[in-house]
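Hi,

Here is the structure I promised to pass on. Have a look at it first, and my notes on what turned up follow below.

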Amino acid sequence: MDRLQHKLTKENLKFRHTDKKSYNKKILIGSIVASFVAATPFLFYLYEYVPDTTNWDTIFGTYVSMEYGSANVAMWVFAMKVIPLLLSLIWFFTCRHWWYHALLVPIAMFSFQCISALNNDTRYMDEFDIVWLLPLMAIIFPSIYLIRAKMFNKINDADKTMEELEEEFMIKPKGIWDKVKQYF
């Protein structure tokens with residue numbers, strides 16, 4: 001019995017081995033993502049290197065801060081919006097749960113806030129953002145509820161665990177580009 005179990009374990013382990021190139025690539029990408037997440041406080045404080053003037057000349061052109069009165073303040077506001085957007089995008093592209101589509105709502109919100117932060121005509125920022133997000137939420141919330149209802153119907157019909165059902169509903173694209181392509 002022990003020999004049979006040992007043999008079955010060895011056969012199961014054969015299928016779990018991945019090639020070293022794939023494993024090294026995953027470790028490299030994971031290390032880059034982890035380093036980026038760890039560096040976000042430093043990225044946030046890059047606004048301190050922006051001059052405290054109305055006009056700021058960069059290699060991309062001249063930024064004129066009309067509403068904020070200072071390019072430094074404008075970049076501070078922009079950093080307050082772009083850092084959560086970047087972290088939400090990382091979370092979305094690395095999430096393996098069935099509910100990861102719910103992350104599209106904060107991603108859309110932070111994207112809208114980034115655009116309005118750099119808009120020179122914005123007088124009252126973050127006032128009516130929820131109105132623009134309502135159509136997106138009207139699509140995402142019911143679809144998440146339907147996936148959840150489908151999962152619980154399958155739990156009642158079969159003897160599957162929650163982890164097995166999550167695995168069944170999980171979409172596993174090969175890479176980031178495949179994950180982006182599945183939406184378009």
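Some housekeeping. This is a predicted model, so local features need pLDDT of at least 70 and side-chain atom pairs count only at pLDDT 80 or more, while totals for chains, interfaces and linings use all residues. Residues are numbered from 1 along each chain as its sequence is written, and side-chain values use heavy atoms, with hydrogens and water left out.

Now the overall layout. The protein has 7 helices and 2 strands (DSSP runs numbered from the N terminus: H or I of at least four residues for helices, E of at least two for strands). Along the sequence they come in the order α-α-β-β-α-α-α-α-α. Of the 184 residues, 23% are buried (under 20% relative accessible area; exposed is over 50%, partly exposed in between, with a 1.4 Å probe and protein chains only).

Back to helix 3, which runs over residues 71-94. Leaving aside residues up to four places away in sequence, serine 88 touches Ile107 and Phe110 (contact means heavy atoms within 4.5 Å).

Then the aromatics. There are 4 aromatic pairs (ring centres of Phe, Tyr or Trp, the last by its six-membered ring, within 6.5 Å; planes under 30 degrees apart are stacked, over 60 edge-to-face, the rest tilted). In one of them, phenylalanine 44 and tyrosine 47 have ring centres 5.5 Å apart and planes at 65 degrees, so the pair is edge-to-face. Phenylalanine 44 is buried at 16%, and tyrosine 47 is buried at 15%. Phenylalanine 92 and phenylalanine 93 are also edge-to-face, because their centres are 5.3 Å apart and their planes are at 75 degrees. Phenylalanine 92 is buried at 3%, whereas phenylalanine 93 is partly exposed at 26%. Finally, Phe44, Tyr45 and Tyr47 form one aromatic cluster.

Cheers

Methods
Expected span 1.5 Å × (residues − 1).
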